[in-house]
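Please keep the sequence and the 3D view open as you read.

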Amino acid sequence: MTSAVVIPAAGLGLRLGGETPKAFREVGGDSLLVHAVRGLKAATAADLSCFVVAVPPGAEEAVFKELEPYVGGAELLVVAGGAERADSVRAALDVVPVDGIDCILVHDAARAFVPADAIERVVAAVRAGAEAVVPVVPVTDTIKRIGPSGEVVDTPDRSTLVAVQTPQGFAPEVLRRAHAAGADAGVTDDAMMCERLGVTVQTVEGSPDAFKVTRPQDLLLAEALLAERRSA
């Protein structure tokens, strides 16, 4: 059995600025999407046999040519994404092979520098029996819950809070059932969709390197991280 990964990369990433969609912004001469695919392929214990990428409509051929050198012997499928993230994941999920796949990862291209061991922990947890798995890191800021007028309602115990990253891993039938249910209103990730079905979501250790490139200053952090890795 092998695993597959779905990468929704059709979003514009407006908070990052510029005219280029976020997944195609370059760091160190390569797009975030290329860095993400290269990092996934480096996780050899994940046994990735299929990469499915959802991109802006019309960009399928160009993205296929860009990514093909980085997937090795794995199958690469590039599909047109949708208006929302969940639409792109569903479009990609529709073409993931049904047979021979025991884990499906969903990964944000904006988290382009996830270490291989973090990816492998997610896959290992799914293969050990978890139906849904997310990598997490501790929350270091104090979090306040606020009311409709901006007033502080309470302060949750920080020790019970984590920040969730990707790739998130799923038993294939669970992820397909979650998306078939269509309960994606207000949903921010695929694990949340599974939660709404009553599925227990397990956590594994994430990595500080799996930060999400969202704002211009994140590109500076990504450049610094890449320079550090290249000099190691």
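Val136 sits in strand E7, residues 132–138 (helices, H or I with at least four residues, and strands, E with at least two, are DSSP runs numbered from the N terminus).

A word on the source: this is a predicted model, where local features need pLDDT of at least 70 and side-chain atom pairs count only at pLDDT 80 or more, while totals for chains, interfaces and linings use all residues. Residues are numbered from 1 along each chain as its sequence is written, and side-chain values use heavy atoms, with hydrogens and water left out.

Which residues does Val136 touch, leaving aside its neighbours within four places in sequence? They are Val162, Ala163, Val164, Thr203, Val204, Glu205 and Gly206 (contact means heavy atoms within 4.5 Å). Ala227, by comparison, lies 91 residues from Val136 in sequence and 25 Å away in space, C-alpha to C-alpha.

Now to the helices. Two packed helices are described by the angle between their axes and the distance between the axes. Here the axes are lines fitted to C-alpha atoms over the stretch in contact, and angles run from 0 to 180 degrees between N-to-C directions.

| Helix pair | Angle | Axis distance |
|---|---|---|
| H1 (residues 32–42) and H2 (residues 60–67) | about 50 degrees | 10 Å |
| H3 (residues 85–93) and H5 (residues 172–181) | roughly 130 degrees | within 11 Å |

H1 and H2 are therefore oblique to each other (angles under 35 degrees count as roughly parallel, over 145 as roughly antiparallel, 65 to 115 as roughly perpendicular and the rest as oblique). Leu33, Val34 and Val37 of H1 meet Val63, Glu66 and Leu67 of H2.

H3 and H5 are likewise oblique, and H3 passes H5 in a left-handed crossing. Ala86, Val89, Arg90 and Leu93 of H3 make this contact with Leu175, Arg176 and His179 of H5.

Within H5, the buried residues are Pro172, Val174, Leu175, Ala178 and His179. Their cover includes H3, strand E6 (101–106), strand E11 (168–170) and helix H6 (190–196). After H5 comes Gly182, with a positive phi near 70 degrees.

How values were computed. Left-handed = near helix turned anticlockwise from the far one by under 90°. Buried < 20%, exposed > 50% of the residue type's maximum accessible area, 1.4 Å probe, protein only.
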